[in-house]
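Me: Hi! Could you walk me through this model?
Reply: Happy to, here it comes.
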Amino acid sequence: MVAGTNSSMGEAPAFLVDDLHGEQLNGFDLKNEASKTATVIGDKKYVIGGADDETAFIEVQIFDHNLGEWVNPTVLGNKPLSCKGHSSVLLNNDRILIIKKGSKPDDSTWFLEVETPYVRQQRKVMGTEVVAWSKGVIGNAEKPIVISGPSGVGKGTLISMLMKEFPSMFGFSVSHTTRAPRGMEKDGVHYHFTEKSVMEKEIRDGKFLEFASVHGNLYGTSVEAVEQVADAGKRCILDIDVQGARSVRASSLEAIFIFICPPSMEELEKRLRDRGTETEEQILKRLRNAKAEIEQGKSSGIFDFILYNDNLEECYENLKKLLGLNGHVAAPTKPAREVNLPMDHSVSKIDDKIIINSISPGPEKESKNLIILDVSSLKGGAPGRTRGLNFHAIHSFSDGLSGMDRLSC
Ligand SMILES: Nc1nc2c(ncn2[C@@H]2O[C@H](COP(=O)(O)OP(=O)(O)O)[C@@H](O)[C@H]2O)c(=O)[nH]1
Ligand SMILES: Nc1ncnc2c1ncn2[C@@H]1O[C@H](COP(=O)(O)OP(=O)(O)O)[C@@H](O)[C@H]1O
């Protein structure tokens, strides 16, 4: 039997994993059925679950009715650890919401993306069946910021100024690169300096949100780099090239895209030479690439904003303005309140609301606790974090009293 099945409302076809016994004869072993749920989307049945020992990961298996066989998908993103069962609800026909039972609030809500644009794109690239996990994050963290621009334009300088002025607000996504470190650069701080063969393998394993070959070296943003910033409750800043920005645009990571332009090619060359970190050959290569980058930055439609970095202070003020930070006094961010989801619950879906219903009998009066999760304003997605979870708890008692407690906003 399944611990928690999908809802009614025609949104998520619900059935018990017992129903799959016929398909089990096709050579697939459905162990630990008690902790599995199954969700049907089109011709596919997604069976989600795993061991009950909380050290293994929740696994995903797909029964493809067209092929009449089980498929083991490539699973992207960090997988959730197993738990004492879970509930699942299909959202928008492209992702399955998983609510883990008996887990800590910060680990209770997960999304398995099965038909999102990101998953479809990865399916094409990898040539296999693909699904991707994304962990739900309570509260409305701001969108990540992607900053691109030619080498030497001042991206790093502007990002450093922002991080220095607002240390508790922003976190830098530390990229991987195969280029050699410069004098002052520290591994794990400025970049993760990586062997080419190692990085290529990690790319094949789906560990990167995006990657590109830039000025003859490989650069990439790992899923983990972005997750670490989100987990610290900070707004993520990515310093990546135009190809990387294009990939992020196509991914589920909803971001603000800013392109930094130099006032002239002469000034760009001067800044690169004055910085003194590149050989003559590297400077010439960067200047050649800069022309194409500036053209693409201005005309590709990838970027939401173009900023000219002529006078540094002015450009920084403009950057803050478009991020809504002018006159901002950095206040300590108030963490969103977390909610303990009940161990025994049923889940249903009405429009954009997920209703988690717990019945816990007390000695004198029965209290029914309803927790409502609003999924209308979810941001981001796999692989990584889905932000914007918004729980409300409603307590109702058999003596007629009721109360609503807003838990996060
Ligand atoms: N696609 C992609 N580009 C990156 C990444 N990290 C850095 N870059 C870009 O790679 C280019 C070269 O960076 P770097 O070697 O630090 O030189 P700099 O731009 O001259 O400081 C810049 O355009 C960066 O924005 C990444 O993770 N992905
Ligand atoms: N507006 C500016 N005017 C003059 N020099 C600048 C300006 N912005 C940045 N610089 C200098 O230009 C050089 C390149 O800047 P940097 O931030 O390293 O560029 P990027 O990260 O885009 O490669 C650095 O020496 C920096 O101090």
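Me: Which residue in S8 stands opposite Ile 98?
Reply: That's Trp 110. This is a predicted model, where local features need pLDDT of at least 70, side-chain atom pairs need 80 or more, and totals for chains, interfaces and linings use all residues. Residues count from 1 along each chain as written, chains are lettered from A and ligands numbered from 1 in written order, and side-chain values use heavy atoms, without hydrogens and water.

Me: How do S7 and S8 pair?
Reply: Strand S8 (residues 109-113) and S7 pair in the antiparallel sense over five bridges. Strands are DSSP E runs of at least two residues, numbered from the N terminus, and pairing takes at least two DSSP bridges.

Me: And what is on the S6 side?
Reply: S6 (residues 86-91) runs antiparallel to S7, joined by six bridges, and Ser 88 has Ile 98 as its bridge partner.

Me: Is S7 buried or exposed?
Reply: Six of its six residues are buried, meaning under 20% relative accessible area (1.4 Å probe, protein chains only). Arg 95, Leu 97 and Ile 99 point one way, and Ile 96, Ile 98 and Lys 100 the other.

Me: Switching to ligand 1, which side chains touch its oxygens?
Reply: Among them, a polar atom of Ser 175 sits 2.6 Å from a ligand oxygen, and Arg 286 also has a polar side-chain atom 2.6 Å from an oxygen of ligand 1.

Me: How much of ligand 1 does the protein bury?
Reply: 95% of the 570 Å² that ligand 1 exposes when taken alone, with areas from the Shrake-Rupley method and a 1.4 Å probe.

Definitions and conventions:
Buried means under 20% relative accessible area, exposed over 50%, partly exposed in between (1.4 Å probe, protein chains only). Helices (H or I, at least four residues) and strands (E, at least two) are DSSP runs, numbered from the N terminus. A polar contact is a pair of N or O atoms within 3.5 Å; within protein, one must be able to donate a hydrogen and the other to accept it, and residues adjacent in sequence count only if both atoms are side-chain atoms.
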